[in-house]
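Dear colleague,

Please find below the structure that I am handing over to you. My notes on what was found in it follow directly after.

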Amino acid sequence: MRMHVHEWGSGPEVVLVHGGLLGGRDAWQAQRPLTERWTLLAPDRPGHGDSPPGRQDFEPESMMLATQLLDRPVHLVGMSYGGIVAMYAAAIRPANVLSLTVIEPPCSGVARGVPVTDAYGRELRALIEDTEQTPAEALNRFFPAIGVPLQVDEPLPPVLERGVLQLIGARPPDEADPPLELLRQAGFPILVVSGDHLPANEVICDTIAEQTGGKRAIVRGYGHLIPDSGEPFNKLLEQHFTAR
């Protein structure tokens with residue numbers, strides 16, 4: 001399978017890997033100002049946007065990403081579930097990763113044994129494995145679980161309905177065991193970003209940064225939707241891309 005890739009701008013290439021609901025075109029709208037200086041490449045993960053159908057699963061998706069978009073040097077950014085995909089992909093082709101940024105990846109297994117992260121992992125797994133719920137019911141469980149202050153009613157906008165149908169039945173993120181030691185050894189700069197709104201996310205992000213030698217940053221006020229902050233997050237990204 002080849003993922004459809006949206007492309008905007010000109011300059012050094014930045015690969016933006018979206019999370020569990022919105023495809024590449026919709027997830028990174030607040031990053032469009034970066035196109036004045038950077039080429040943004042936003043793949044639609046399987047089952048999203050214009051890519052072929054497929055179950056969300058971080059391991060095969062990471063191989064697709066590494067094969068298709070890490071065949072040359074790029075800056076790599078992953079949001080939420082896409083952050084898990086990005087970490088795995090970066091370990092597959094580290095020589096072509098100029099920098100790695102991950103935003104609240106829900107891989108609770110990296111801090112297994114910590115009560116808040118274990119509970120977070122169980123909550124997401126229960127939601128993902130519940131095939132009896134309606135899409136709106138699923139979203140109204142999912143949004144509070146990850147820290148999105150929204151309530152939705154049916155009928156859902158088509159893009160959200162398609163996204164949540166991909167979420168239900170996905171591979172649960174608590175099964176992820178990203179190769180943090182390999183990322184540490186790779187030598188490229190790593191930035192781990194959270195929103196200071198959910199204790200489990202802070203523990204996960206702290207753990208990833210500690211074990212990879214990465215830097216930590218917090219963008220407050222947007223819950224889980226950190227890229228939607230626009231300028232604060234974009235400035236943070238550019239500082240990370242250019243720091244040597």
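Ser80 has a relative accessibility of 8%, and because the cut-off for a buried residue is under 20%, Ser80 counts as buried. Please bear in mind that the model is a predicted one. The loop that holds Ser80 runs between strand 4 (74-79) and helix 3 (81-92). The backbone of Ser80 also deserves a mention: its phi is positive, at about 55 degrees, although the residue is not a glycine.

Asp196 is placed in the loop between strand 6 and helix 8 (199-212). Its relative accessibility is 39%, so Asp196 counts as partly exposed.

The backbone also contains a cis peptide bond, which leads from Glu154 to Pro155 and has an omega near 0 degrees. Pro155 belongs to the loop between helix 5 and helix 6 (158-167).

I turn now to the pockets. The volume of the largest pocket is about 390 Å³. Its lining consists of 20 residues, and those nearest the centre are Leu21, Leu22, Met79, Leu225 and Asp228. Sorted by class, this lining comprises 13 nonpolar, five polar and two charged residues. Helix 1 (24-27) and helix 5 (135-146) each contribute at least two residues to the lining of the largest pocket. Which helix gives the most to that lining? It is helix 5, with three residues.

The second largest pocket has a volume of about 230 Å³. It is lined by 15 residues, with Pro189, Ile190, Leu191, Lys215 and His240 closest to its centre. Two or more lining residues come from each of helix 7 (180-186), strand 6 (190-194) and helix 9 (231-242). Helix 9 gives the most to the lining of this second largest pocket, namely three residues. By class, the lining of the second largest pocket holds seven nonpolar, six polar and two charged residues.

With kind regards

Notes: Residues numbered from 1 in each chain as written. Predicted model: local features only at pLDDT ≥ 70, side-chain atom pairs only at ≥ 80, totals over all residues. Heavy atoms only, no water. 1 Å grid on protein atoms, 1.4 Å probe; cavity = no way out; pocket = protein on both sides within 12 Å on 5 of 7 lines; lining within 4 Å. Points joined across faces, edges and corners; volume = space filled by probe spheres on them. Helix = DSSP H or I, 4+ residues; strand = E, 2+ residues; numbered from the N terminus. Nonpolar A, V, L, I, M, F, W, Y, C, P; charged D, E, K, R; others polar. Buried < 20%, exposed > 50% of the residue type's maximum accessible area, 1.4 Å probe, protein only.
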